[in-house]
Amino acid sequence: MFNHVPSYPGDPVLSLNQDFNADTRTPKVNLSIGMYFDESGRIPVLRSVGSAKNELRAGHGPHPYLPMAGLADYRTQVQQIVFGPALADRLRDRIATIQTLGGSGALKVGADFLKQYFPSSKIYMSDPTWDNHRVLFEGAGFEVNHYPYYDWTTGDLRFSDMCQTLSTIPEQSVVVLHACCHNPTGVDLNDEDWTQLASVLRKGNLIAFVDMAYQGFGDGLKEDAAGVRKLVEAHVPVLIANSFSKNFSLYGERCGALSVICDSSNEKDHVLGQLCAKIRANYSNPPAFGATIIARVLGDPALAQDWMKELKEMRDRMHRMRSSLYSRLEGKISEEARARYIRQRGMFSYTGMTKDQVVRLRNEFAIYLVESGRLCVAGLNDGNVDYVASSIASVVAG
């Protein structure tokens, strides 16, 4: 009956991770998958998360379904983190927020919602972008286009070209943006860029769909959300998909959210209802455990302070690894290529290495990068950075 079904080639990043796990060579280094690893090469369990877990384990209550929109306390805390307390409180009656299955679930629900109510709109996303963006939006039935973003020669942002392109696209087009720590390039917009971009989007009557998967991994919780808040203040129609997978180190719990800024309380109620309808038609309700942990941490001042301290420790370690790699490559590769490691932000760096060089790193040195040359900085530590630097130098020089 299913003889006509073709094989699935697999996701390129997840497949690489499987190949790494099966690799028996020593040493080996995984710089492919977008996960944060600590100095010992392990996925950390945050102290604040552990404390919240212990509190939850002390209770023995029932395990009912959550509402379709998710845990109420969690949704409130999402708004506080994404928009900041002042803006969240001011717009409380105009923000429709739902709990989702990670950031990917937020993008999926948002894509389905937009396709129903803006059926003629087209999607515009950065060149390059996270591979799954195209998969999600095409899966919702959208035509996907790209706008200029990354300068492949210099490793810089093509901001003027980006604004020029976005100023010419049809009204009600959906522009997919990265709030911070752009995946895969690590090249972000600055405050002035966001201000100018907000003007372009508003003038063009465009819809912004912001993906914020790495809040706190760039420069800080407030700083990394500055672009989102500028769009909201500029009255740009905006959807925000956020994820707690990375900044809470809760990957398997699938904790994300989708927020839509509306013009009135009545409009918010309608949008929230239709978002819930999309959830009902898909998975009915989100899971409770991870959301309860996050709500507990963010709702407790002491735990929230501890979490922010741990988040800073993770961010600082990635900054230090960037500097370490930069210093160890001195005199071994060009300054232009070396400088990318410290100019870019977040978990990822676009190294500028070719596919052949990436394959050589994997085959000869058991160092795994995505074939585009994307390197996950969080996979570096004091024990492997020398080996990685010398191996990069070997393949680039050779």
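## Basis

The model is predicted, so that local features need pLDDT of at least 70 and side-chain atom pairs count only at pLDDT 80 or more, while totals for chains, interfaces and linings use all residues. Residues are numbered from 1 along each chain as its sequence is written, and side-chain values use heavy atoms, with hydrogens and water left out.

## Strands β3 and β4

Strand β3 (residues 123–127) pairs with β4 in the parallel sense over 5 bridges, where helices (H or I, at least four residues) and strands (E, at least two) are DSSP runs numbered from the N terminus and pairing requires at least two DSSP bridges between two strands. Between them the chain passes through helix α6 (residues 131–139), and this β-α-β crossover is right-handed, that is, clockwise from the first strand over the helix to the second with the strands pointing away from the viewer.

Within this pair, D127 has P148 in β4 as its bridge partner. Strand β4 (residues 144–148) is mostly covered, with 4 of its 5 residues buried (under 20% relative accessible area, with a 1.4 Å probe and protein chains only).

A pocket is an open set of points, on a 1 Å grid over the protein atoms alone, with protein on both sides within 12 Å along at least five of seven lines; a cavity is a set where a 1.4 Å probe fits but cannot get out, and lining residues have an atom within 4 Å of a point. The largest pocket holds about 950 Å³ of space, and of its 39 lining residues V13, W130, N132, N183 and R374 are the closest to its centre. Helix α6 is among the elements that each supply at least two residues of this lining, which by class has 19 nonpolar, 12 polar and 8 charged residues.

The second largest pocket has about 580 Å³ of space and is lined by 27 residues, with P237, I261, C262, D263 and E267 nearest its centre. Its lining takes its largest share, 4 residues, from α11, and by class consists of 16 nonpolar, 5 polar and 6 charged residues.

## The cavity

How many cavities of 30 Å³ or more does the rule give? The count comes to 1, and the largest cavity contains about 40 Å³ of space. Its lining is made up of Y147, Y149, M162, L177, H178, H182, L189 and W194, of which 6 are nonpolar, 2 polar and none charged.

Note on methods: Buried < 20%, exposed > 50% of the residue type's maximum accessible area, 1.4 Å probe, protein only. Points joined across faces, edges and corners; volume = space filled by probe spheres on them. Nonpolar A, V, L, I, M, F, W, Y, C, P; charged D, E, K, R; others polar.
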